[in-house]
Amino acid sequence: MNGATITALLETSEGALTVVKDDMTNLYSIGLRTLSKLEWKDISEDLYLLLMQELKKQKGMRFPT
């Protein structure tokens, strides 16, 4: 996706949970992709930043800033 930062929070063989920052619109969302469907929900910038901050604290995890 051009103009967006996509971060996979969890990935399995059946799908992935991702957060997205749309750099063009400055909007944020969280999504669940499975083999059969894709579902997205808008989230606040505060929630996005909190998720990224908490994940960075996990040893060995690196995410975009």
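**Exercise 1. Find the bridge partner of V20 in β3.**

Solution. Start with the ground rules: this is a predicted model, where local features need pLDDT of at least 70, side-chain atom pairs count only at pLDDT 80 or more, and totals for chains, interfaces and linings use all residues. Residues are numbered from 1 along each chain as its sequence is written, and side-chain values use heavy atoms, leaving out hydrogens and water.

- V20 has S29 as its bridge partner in β3.
- Now zoom out: β2 (residues 15-22) and β3 run antiparallel, joined by 8 bridges.
- For reference, strands are DSSP runs of E, at least two residues, while helices are runs of H or I, at least four, numbered from the N terminus. Two strands pair if DSSP finds at least two bridges between them.

**Exercise 2. Work out the order of the strands in the sheet.**

Solution. 

- The 4 strands make an open, antiparallel sheet, ordered β1-β2-β3-β4.
- At the edges sit β1 (4-12) and β4 (38-43), each pairing on one side only.

**Exercise 3. Describe the aromatic pair of Y28 and Y48.**

Solution. 

- Rings of Phe, Tyr and Trp (its six-membered ring) pair if their centres lie within 6.5 Å; planes under 30 degrees apart are stacked, over 60 edge-to-face, the rest tilted.
- That rule gives a count of 1 aromatic pair.
- Y28 and Y48 are tilted, with 4.8 Å between centres and 40° between planes.
- The pair links distant parts of the chain, 20 residues apart: Y28 in β3 (residues 27-34) and Y48 in helix α1 (residues 45-57).
- Both Y28 and Y48 are buried (under 20% relative accessible area, with a 1.4 Å probe and protein chains only; exposed is over 50%, partly exposed in between).
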